[in-house]
Amino acid sequence: MAGAQTDMKQFLLSIKRQPPGRLIVVGFALVIFLGTGLLLLPISVRDDATVSFIDALFTSTSAVCVTGLIAIDVADHFTVFGQVVVAVLIQVGGLGVTSIGVGLILAAGKKVGMRSRVLVKEALNVEGAKGMVRLVKSVLLLTLGFELVGAALSFIVFSQDFPLPKALGVSVFHSIAAFNNSGFDILGGLRNLIPYQSDVLLNLTTCGLIIFGGIGFLVILDVWSKKFRFKKFTFHTKVVVTTTGVLLLLGTLLLKATEDITWLGAFFHSVSARTAGFSTYAIGDFTDAGLFVLTLLMFIGASPGSTGGGIKTTTFFVLMQEVRSLFTKRHIGAFRRSIPMEALAKAFLITMLSLLLVCACTFFLCILEPEYTFLQLLFEEVSAFGTVGLSTGITPALGWVAKLVLIITMFAGRVGTFTLLSIWIERPAPTARYTEESLTIG
């Protein structure tokens, strides 16, 4: 008995010694497998449907990684209990396992330890561990507030088409999915929001939830505390708000120019492609030019500390500023602030790792699914990496190995390629420095 207790203490001690990034990755993986088990329970599956292990794993991964790619339709295959499980997985995935854990600790009236604060710091991608408890409280309250407002506005629309209990459930599920930038729906028939492509209220409500969920909690708090005065925003907030606005505008204009859709539809898909995954038009009917525009938007993704994926808006901004500095011969920076070289190096590393992951997985998909075009498979892969959820309609028909490739991509896209690489590297920084020598580039 004493030996078992000693072994347990050593096990717990070894867990505490693990790097924060590794614990976060393991936490996400455990939630995914837990969700898979729950979705396979008889109480979760409709009597007239069959759910395989790979499809349950795919659905759980897509929900926890707030993606929205679906191998099977949630409404057609899962009961109300199963749909609630999916909604909870989306919420946990969007807020982060550590934020939920700290929230539960606070709800129990217990003190949050330093280790938990460090984990939250890593999960939300903030600089210091100071004020983590206050930040978690703000994040939870913000999430609850936005989702309640979103559910109320969505209910106005859905109550016209469904009975009261069903309309309420659909509204709550849709609000959770939209704010957490996950393109799941429970309307059935793989329709997504196509029946509501001309409904202005639902379109704008969904866009609002996606945008606020995708710019990051720190940005929302900063904008609110500074009373919407741009000049007083932090440098990070200015970068996120500016880059988000430019991408939304460019995306809208390019989609309107390449597709036969309304301005509302162009704006909606420009917003949704930034990691949400909802669609009001059939993506499979888009032209190659339109799919290429969506692919670029999906790869860039949302902002740090948000519920979205991609390489992030700040990474894209830093790279663009470096390009500008090369042409103007000025130091890299913006808004009268210089950007550290460490940030530039990290931006290049994240982009290169992400490109390598997307290229490698697209290559495997091309081998595994030769009946589909390269653009279809690339679109599917980038959608998984950016945790978007948009698809040309091929996801349900993919083989189990191809689905496994997308599962790995979704997981890597949610926790971050840089995090996945860094959690296994514990080698100390080298002390020796070698003599520099010039190298011809280009």
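Contact means heavy atoms within 4.5 Å. Helices (H or I, at least four residues) and strands (E, at least two) are DSSP runs, numbered from the N terminus. This is a predicted model, where local features need pLDDT of at least 70, side-chain atom pairs count only at pLDDT 80 or more, and totals for chains, interfaces and linings use all residues. Numbering starts from 1 along each chain as its sequence is written, and side-chain values use heavy atoms, leaving out hydrogens and water.

**Exercise 1. Get to know the protein.**
How many helices and strands are there in the protein?

*Solution.* Step one: there are 19 helices and two strands. Step two: buried residues (under 20% relative accessible area, with exposed over 50% and partly exposed in between, using a 1.4 Å probe and protein chains only) make up 52% of the 442 residues. Step three: among contacts between residues at least 6 apart in sequence, 69% join residues at least 24 apart.

**Exercise 2. Examine helix α14.**
Why does the distance between the end C-alpha atoms of α14 agree with its number of residues?

*Solution.* Step one: the expected span of a helix is 1.5 Å times one less than its number of residues. Step two: α14 (residues 288-300) has 13 residues, so it should span 18 Å, and its end C-alpha atoms are 19 Å apart, which agrees. Step three: the buried residues of α14 include Leu291, Leu294 and Phe299. Step four: among the elements that cover these buried residues are α12 (235-258), α13 (263-272) and α16 (341-368). Step five: glycine 301 follows α14 and has a positive phi, near 80°.

**Exercise 3. Look around phenylalanine 217.**
Is phenylalanine 217 buried or exposed?

*Solution.* Step one: phenylalanine 217 is buried, because its relative accessible area is 4%. Step two: leaving aside residues up to four places away in sequence, phenylalanine 217 touches Leu95, Val139, Leu142, Thr143, Phe179, Gly305 and Thr307. Step three: phenylalanine 217 and serine 306 are 89 residues apart in sequence and 6.1 Å apart in space, C-alpha to C-alpha.
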